[in-house]
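Keep the 3D view open as you read.

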Amino acid sequence: MSVGIIMDAILRMLHGIGITFGLLGLSLAIGSIIAVLLLLMRISGRWWLSWPAQLYFYIFRGTPILVQIFIIYYGLPQFDWIRDSMFWSVLRDPFGCAIVALSLNVGAYVSEIFRGGVLSVDKGLLEAGAALGISTPQRFIYITAPLAIRISLPAYGNEIISLLKSTALASTITLADMTGIARTIVAETFAPYQIFISLALIYVTFTWIIQRTIRWTEGYLGRFTIR
Amino acid sequence: MNNTNDPIIRLIEVSKRYGKFEALKEIDLDVRKGERIVVCGPSGSGKSTLIRCINRMEEHTSGQIIINGHELTDKTKDIDAVRSEIGMVFQSFNLFPHMTILKNLTIAQRLVRKTPKAEARDTAMHYLGRVKIPEQANKYPIQLSGGQQQRVAIARALCMKPQIMLFDEPTSALDPEMISEVLDVMVDLASDGMTMLCVTHEMGFARSVADRVIFMDHGQLIEQAEPETFFNHPQHERTALFLRQILRH
């Protein structure tokens with residue numbers, strides 16, 4: 001097994017970078033929006049909003065992402081009404097299915113992370129805001145949210161990193177992300193050990209980059225905690 | 001709408017319950033415009049609850065609270081508008097930690113009063129000057145001492161140009177050497193004709209500034225009098241006992 005083959009393989013796997021980061025970026029963005037909506041439902045104080053949000057969280061936390069991907073990719077097309085609906089253009093495509101599955105998952109986990117952040121904001125600050133006549137929605141936007149985001153950031157960063165690795169599951173539904181390409185190369189070269197080690201190194205590198213970025217952001221957002 | 005002689009704050013038989021616990025028992029109180037009132041009493045006597053009901057941080061269970069002719073009920077449409085006329089200073093300062101001092105002072109003006117940016121800034125700098133820390137405008141709260149933070153909190157409330165100021169034990173969380181700088185600001189404010197209700201244990205402040213001192217115990221308003229009478233000739237045994245306890249040293 002020569003170094004040449006490994007270098008070759010790494011270069012080919014990096015072609016999957018677009019799909020891997022496309023999955024990561026899109027599902028993070030959509031998932032975070034879902035997370036905020038779920039969070040607002042959870043803290044609304046109205047049971048008919050908070051119960052569905054809790055149910056959602058239980059379902060998505062209680063099942064493996066791989067199973068969810070399979071249900072969405074293999075299961076949903078069995079229903080005529082889904083094939084006739086506006087969602088079909090997304091769900092007929094494995095990329096679309098992976099985005100849907102990952103986003104729904106991110107939404108569930110991140111909403112819990114944000115909720116922890118929101119609950120940890122000092123109630124005294126909200127009282128001070130209320131005493132100044134600042135309305136409830138504005139208190140959420142200008143006081144709760146910025147502080148909650150700062151507090152949530154380390155856990156949110158973990159979630160991004162774990163999402164990066166979850167994107168590899170998309171290779172099971174024919175997507176040629178970095179893992180998908182690696183599997184193709186393995187099938188061609190019969191060198192699983194070298195190829196998968198190389199793949200692992202690529203993921204570790206990206207994880208490191210993401211981690212550094214989050215650290216830096218934490219420091220920036222936390223500048224008001226430094227005397 | 002209301003006569004200048006009408007009280008700016010009127011409480012009629014106000015009670016507040018938490019479950020079975022009666023935090024306030026049928027409190028009657030009138031406060032005239034410009035009056036300075038000190039509320040004192042042992043801990044758990046309901047004095048904080050009393051002033052927190054006035055800007056509806058707590059909802060009273062029964063009775064009437066009338067601020068400037070407007071009664072506070074759960075039907076009060078624009079509670080935020082009422083609150084913006086009542087400044088409040090808290091024991092724990094409660095400055096917004098993620099905003100600079102200047103932003104702390106301008107945010108409510110911008111959001112609630114829709115004040116233009118430059119004007120809000122000028123107002124903020126004016127009141128920062130008044131509490132004698134204009135040079136701290138661009139720092140974050142954590143970079144200030146406790147006394148400075150509390151002065152900023154007072155300035156923040158004043159930026160809304162409130163008609164009433166409520167103080168909920170403003171010096172209790174401060175190191176002793178910082179208490180006087182906060183009291184100085186409050187004395188200055190009092191001499192300016194601000195209507196003030198202060199829950200405090202600073203009896204020196206009560207003596208020199210208050211028009212009336214109120215003593216509360218177990219949710220009841222036990223006694224109210226001018227400071228001279230209150231401190232020298234308390235009418236009730238409980239008041240006398242309280243004064244002996246806190247003035248012992």
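A polar contact here is a pair of N or O atoms within 3.5 Å; within protein, one must be able to donate a hydrogen and the other to accept it, and residues adjacent in sequence count only if both atoms are side-chain atoms. Across the interface of chain A and chain B, the rule finds three residue pairs in polar contact, both residues at pLDDT 80 or more.

A few words on the ground rules. This is a predicted model, in which local features need pLDDT of at least 70 and side-chain atom pairs count only at pLDDT 80 or more, while totals for chains, interfaces and linings use all residues. Residues are numbered from 1 along each chain as its sequence is written, chains are lettered from A and ligands numbered from 1 in the order in which they are written, and side-chain values use heavy atoms, with hydrogens and water left out.

**The interface**

With contact meaning heavy atoms within 4.5 Å, 23 residues of chain A touch 26 residues of chain B. The buried area (accessible area, 1.4 Å probe, that two parts lose on being put together, summed over both) is about 2,100 Å² between these chains, and carbon and sulfur atoms give 66% of it. On the chain A side, A:Ala131, A:Leu132 and A:Phe224 lose the most area to chain B, together 29% of what that side buries.

The interface also holds one salt bridge, defined as a side-chain nitrogen of Lys or Arg within 4 Å of a carboxyl oxygen of Asp or Glu. The partners are A:Glu127 and B:Arg52, whose closest N and O atoms are 2.5 Å apart. Helices (H or I, at least four residues) and strands (E, at least two) are DSSP runs, numbered from the N terminus. On that basis, α8(A) gives the most to the side of chain A that touches chain B, with seven residues. By class, this side has twelve nonpolar, six polar and five charged residues; Ala, Val, Leu, Ile, Met, Phe, Trp, Tyr, Cys and Pro count as nonpolar, Asp, Glu, Lys and Arg as charged, and the others, Gly among them, as polar.

**The spaces**

On a 1 Å grid over the protein atoms alone, a cavity is a set of points where a 1.4 Å probe fits but cannot get out, and a pocket is an open set with protein on both sides within 12 Å along at least five of seven lines; lining residues have an atom within 4 Å of a point. Grid points are joined across faces, edges and corners, and a volume is the space filled by probe spheres set on the points.

| Space | Volume | Lining by class |
|---|---|---|
| Largest pocket | about 360 Å³ | eight nonpolar, three polar, two charged residues |
| Second largest pocket | about 250 Å³ | ten nonpolar, five polar, two charged residues |
| Largest cavity | about 90 Å³ | twelve nonpolar, two polar, two charged residues |

Which element gives the largest share of the lining of the largest pocket? That is α9(A), with five residues. In the second largest pocket, α9(A) again gives the largest share, three residues. Among the 17 residues lining this second pocket, A:Asp122, A:Leu125, A:Leu147, B:Leu95 and B:Pro97 lie nearest its centre.

The whole structure has one cavity of 30 Å³ or more. Nearest its centre, among 16 lining residues, are A:Ala131, A:Leu132, B:Gly87, B:Met88 and B:Ala157. β6(B) gives the most to this lining, with four residues.
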